[in-house]
Amino acid sequence: MALTGIQIYKLLPKTNCKECGYPTCMAFAMKLAAGQEDLSKCPYASDEAKEKLSAAAKPPMRAVTIVTNDHQLTTGAELVMYRHQKKFFNPAPLMVRVKDTASADDLNETVEEVGNYSVDRVGMTFTLDGFAVQNDSGDASTFASCVESVKSKTDMPLTLIATDPNSMSAALEKVGDSRPLIYAATKDNIDQMGQLAKKYSCPMVVKSSDGLDELAELSEKASGAGVEDIILDPGDRDLHNSLVSFTQVRRLALRKFEPFGYPIISFPGEGASSVEEEVNLAAQHIAKYANVIVMDSFSPAIAYNLLTLRLNVYTDPQAPIQLQSGIYQVGSPDEKSPLCITTNYALSYFAISGEVEATGRPSWILVVDTEGLSVLTAWSAGKFDADGIAAHIKQFDAADKVNHNSLILPGGVAILKGETEENLPDWKILVGPREAPGIGGYFRQNAQIWEG
Ligand code: SF4
């Protein structure tokens, strides 16, 4: 169990020597209790203290890695219940399930389609994360052939789903040096599955069919048998029960209840009666608190929405996604092209650049450093003002880029027009639309500025 700050303090030397970097032993103890410091920073900690504090220093949730030749997928190692307390670290991998009863053509098509899916968003490229291959046939050699076939077509990490240890063993023989996730050890097969996990150095899921008490027992049994990388399946599938059990497991993990100090896996399709329900479940599990998600449905629309949600949930709330300030090109603009201005909050930039691109009119976008704040937030915080706009116009030689000296302000900050004109007397300050989707109409209505 975790120790409180006071309990930890009683184990420290209490000399306040400051060598750990903190002014008092109490301050250091509080940091240790929060899991934000390492006891090794105190050179005077006794052996007894080290032993007793090892639980406090240990991360509440283990990081588990699934490996293929070229990919390494790490999940878990989360430290908080709510992202605003710190942040979430390892975005939950999204895998797609394929079954060994599928025809070769269907299997190839799914693996190719999922493997090739990629989308650019806010300057980053997102893909799905792997495949879960299921022994639906119940036949060991069919399963092994299917796993071998999938592995020959993709380097993405794999989860192997089988209840029969013989099928699992046959499949593991086919994956070479990869370390797929074994799914799953249950009360009926945990001894054999645990032996396979150790033999092949693979992470392993323990799955409960009878609530969290059984899950804790299975987890303890697996770790007691020497399996270090464990993932938990509480067995609940529907919206309500999966929310309750996932939340309890995360909460207890953070309280250092060791049997639950591992990531959680979810199967949204198993709790859904339609694709829409599966996506709803997956969205819930991304937010609370799955660390690996196996989907039965795939389409670019589903993937895009879930990946976007995941990006938002796993973005550090104290460090918005930012761009470098500067002048960016949309298409191949020239001196007659429009010049827009926005802030360096990535979503602001990509919203406006996407809409500008859709107009087909090449343009310049001047990005002002507002420490990652969006337009209105930056304006209300005093970080997007006329002085800053003028400074960026000069710093990035905007006058050399265009011959019309017209600058389009976001409509939401029309109030800056007068002051910006005072700061930039050689420029004509225009007020653009309030929202990015209005840029197409705005360009059409004012086309004479850039075509005249
Ligand atoms: S180094 Fe150890 S003894 Fe010194 S202040 Fe820090 S915790 Fe206390």
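These are my notebook entries from looking through a predicted model.

**Domains**

I started with the overall division of the protein chain. Domain 1 covers 5–57, domain 2 covers 63–314 and domain 3 covers 326–451. I then looked up how domain 2 sits relative to domain 3, and their C-alpha centres are 44 Å apart.

**Ligand shell**

Next I went to the ligand. I found 13 residues around it, and the ones that come nearest are Pro13, Cys17, Cys20, Cys25 and Cys42. Which classes make up the shell around the ligand? I got 9 nonpolar, 2 polar and 2 charged residues.

While in this part of the numbering I checked Lys14. Lys14 belongs to the loop that runs between α1 (5–11) and α2 (25–33). Its phi is positive, at about 60 degrees, and Lys14 is not a glycine. I noted this one because most residues other than glycine have a negative phi.

**The sheet**

I traced an open sheet of 8 strands with parallel pairing. Reading across, I wrote down the order β10-β9-β8-β7-β6-β3-β12-β11. The edges are β10 (230–233) and β11 (265–266), each of which pairs on one side only.

I picked one pair to look at more carefully. Strand β3 (residues 94–99) and strand β6 (residues 130–134) run parallel and are joined by 5 bridges. Which residue of β6 stands opposite Val96? It is Phe131.

**Helices across the strands**

Helix α7 (residues 190–199) lies across β8 (181–185) and β9 (204–207), and runs at about 165 degrees to β8. Helix α10 (residues 275–287) lies across β11 and β12 (292–295), and its angle to β12 is about 175 degrees.

**One helix pair**

Two packed helices are described by the angle between their axes and the distance between the axes, so I wanted both numbers. For helix α5 (residues 140–153) and helix α6 (residues 165–172), the axes come within 8 Å and cross at roughly 35 degrees. The crossing of α5 past α6 is right-handed.

Which residues make the contact? From α5 I listed Ala140, Ser141, Phe143, Ala144 and Val147, and from α6 I listed Asn166, Ser167, Ala170 and Ala171. Sorted by class, the contact of α5 with α6 has 6 nonpolar residues, 3 polar and no charged.

**Cis peptides**

Last, I went through the peptide bonds.

- Tyr183 and Ala184 are joined by a cis peptide bond, with omega about 5 degrees. Ala184 lies in strand β8, the strand that helix α7 lies across along with β9.
- Lys288 and Tyr289 are also joined by a cis peptide bond, with omega about -10 degrees. I placed Tyr289 in the loop between α10 and β12, and α10 is the helix that lies across β11 and β12.

Definitions and conventions. Residues are numbered from 1 along each chain as its sequence is written. This is a predicted model: local features need pLDDT of at least 70, side-chain atom pairs count only at pLDDT 80 or more; totals for chains, interfaces and linings use all residues. Domain bounds come from an automatic or database domain assignment. A residue is near a molecule or strand if its C-beta atom, placed from the backbone, lies within 6 Å of it. Ala, Val, Leu, Ile, Met, Phe, Trp, Tyr, Cys and Pro count as nonpolar, Asp, Glu, Lys and Arg as charged, and the others, Gly among them, as polar. Two strands pair if DSSP finds at least two bridges between them. Helices (H or I, at least four residues) and strands (E, at least two) are DSSP runs, numbered from the N terminus. Two residues are in contact if their C-beta atoms, placed from the backbone, lie within 7 Å. Axes are lines fitted to C-alpha atoms, for helices over the stretch in contact, and angles run from 0 to 180 degrees between N-to-C directions. A crossing is left-handed if the near helix is turned anticlockwise from the far one by less than a right angle, and right-handed if clockwise.
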